[in-house]
Amino acid sequence: MNCRDVYQFLHPYADGELDLVRQLEVEGHLSECSECTDQVENLRALKTALALPSLYHRAPAGLREKLQLPIQPSTRSPRRTYARLAAVAASVLVLLGAVAMVASLASGTTADDRLAERVVAGHVRSLQVDHLTDVVSSDKHTVKPWFRGQLDFSPDVPDLASQGYPLTGGRLDYLDDRPVAALVYHRRQHAINLYTWPATDAPDRPVRGLSRNGFHVRQWQRAGMTYWAVSDLNDQELDEFVRLFRG
Amino acid sequence: MHLDPDTRRQFEDLTLPHLDAAYNLARWLTRDDHAAQDVVQEAYLRAAKYFASFRGGDGRPWLLGIVRRASLDWLTKHRQRDEVAFNEVAHDRGDEESNPVLLAVRKWDQELVRQALIDLPRQLRETVILRELEGLTYQQIATVTEVPVGTVMSRLARGRQQLQQRLSGCPEGGVR
């Protein structure tokens, strides 16, 4: 591919909309063409600028009540309503979980798959009970020391705000039979839970992706730590988050 | 209009989680808070009416398509000029940041980004909003905006190019 061929694919490339073959062709060209690489970098910078949370207009409080839906009058606050919606979603998840469990008994699901289910359930629970964060801070120098008093390990807390993934806090959670660190990042209105704890086995494992009940999950292991990232964010942006997190 | 309790519950579950997305799109299209609230209310009414024809799948593109239609109707009704001419003088920031590479390292001025988006022609604006703020796929954007995927791609490229030009202060097309 030359610059002329690549040009039409640069936007779909930056958007993660190319098939694997095309993507590799574009990457091959980018590795030897600084001009096209600059263009992709400019595109990424623009995409980051457009991900500023302040550009997103969230529905004003009270709009939901104004909707003349065929819905019974409600005195619930929006937050409680969303909690109720989340509870409905969670009960669906529990049901799906039960179905999955039956399926796993039949097909012999691995321990990792079961852990993935728990990671997703933990993510949903954190949103549902409005308990996303124990320590609310966008400052890694606040979040990291907070964990030191709670856990027997100290997680890495990279600052990704300038790349469009601001840290919003941290939380203690319980997974894989042990307390773990949950770092909470945001992309627009989407929360990303990043769980991490010391690995039980040493070898590094590359990032692998899976989806559970509409949530996207990424898992990897590096330098003796296990990492799980989960969000309802689209695949492409979650991949970008993981790439940035891994540095 | 009457929906039985089960259908009502399904409708709520399908549409209410996307209230923010609905308002965000309406707000960027009408460029007005009150108008956007009216449009969202109208869109939810229409959605409830059309709910029987919803064929399953992801509710967000379906709802956003209805919100978009309601927004365009509002724009037509209020005869708001869709296209705001780009004022080159007001937006000419000189050539201090005309090097496109600087775009990547520069700290973006939020207000500048917002204004550049508002000034985009409507068709480019809605495409960029659906992609960058809502994270929809090309196919979903094509469904919402009722054009082929190829058109989505060219609008996205043009929209971004115009944004880069405006943000870098070279309206004549300095960013390649």
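Visitor: How many residue pairs are in polar contact between chain A and chain B, counting pairs with both residues at pLDDT 80 or more?

Guide: This is a predicted model, in which local features need pLDDT of at least 70 and side-chain atom pairs pLDDT 80 or more, whereas totals for chains, interfaces and linings use all residues; side-chain values use heavy atoms, without hydrogens and water. Residues are numbered from 1 along each chain as its sequence is written, and chains are lettered from A, with ligands numbered from 1, in the order in which they are written.

Between chain A and chain B, 21 residue pairs are in polar contact, both partners being at pLDDT 80 or more (N or O atoms within 3.5 Å, one able to donate a hydrogen and the other to accept it; sequence neighbours count only through side-chain atoms on both sides). The two chains also share five salt bridges (a Lys or Arg side-chain nitrogen within 4 Å of an Asp or Glu carboxyl oxygen). One of these joins A:Asp15 to B:Arg160, with 2.7 Å between the closest N and O atoms.

On chain A, helices H2 (10–14), H4 (34–50), H5 (63–66) and H6 (78–107) each supply at least two residues of the side that touches chain B (DSSP runs of H or I, at least four residues, numbered from the N terminus). H4(A) gives the most to this side, with 11 residues. Divided by type, the side of chain A that touches chain B has 19 nonpolar, 10 polar and 11 charged residues (charged: Asp, Glu, Lys and Arg; nonpolar: Ala, Val, Leu, Ile, Met, Phe, Trp, Tyr, Cys and Pro; polar: the others, Gly among them).

Overall, 40 residues of chain A are in contact with 48 residues of chain B (heavy atoms within 4.5 Å). The chains bury about 4,400 Å² between them, 58% of it on carbon and sulfur atoms (accessible area lost on being put together, 1.4 Å probe, summed over both).

Key
Buried area = accessible area lost by both parts, 1.4 Å probe.
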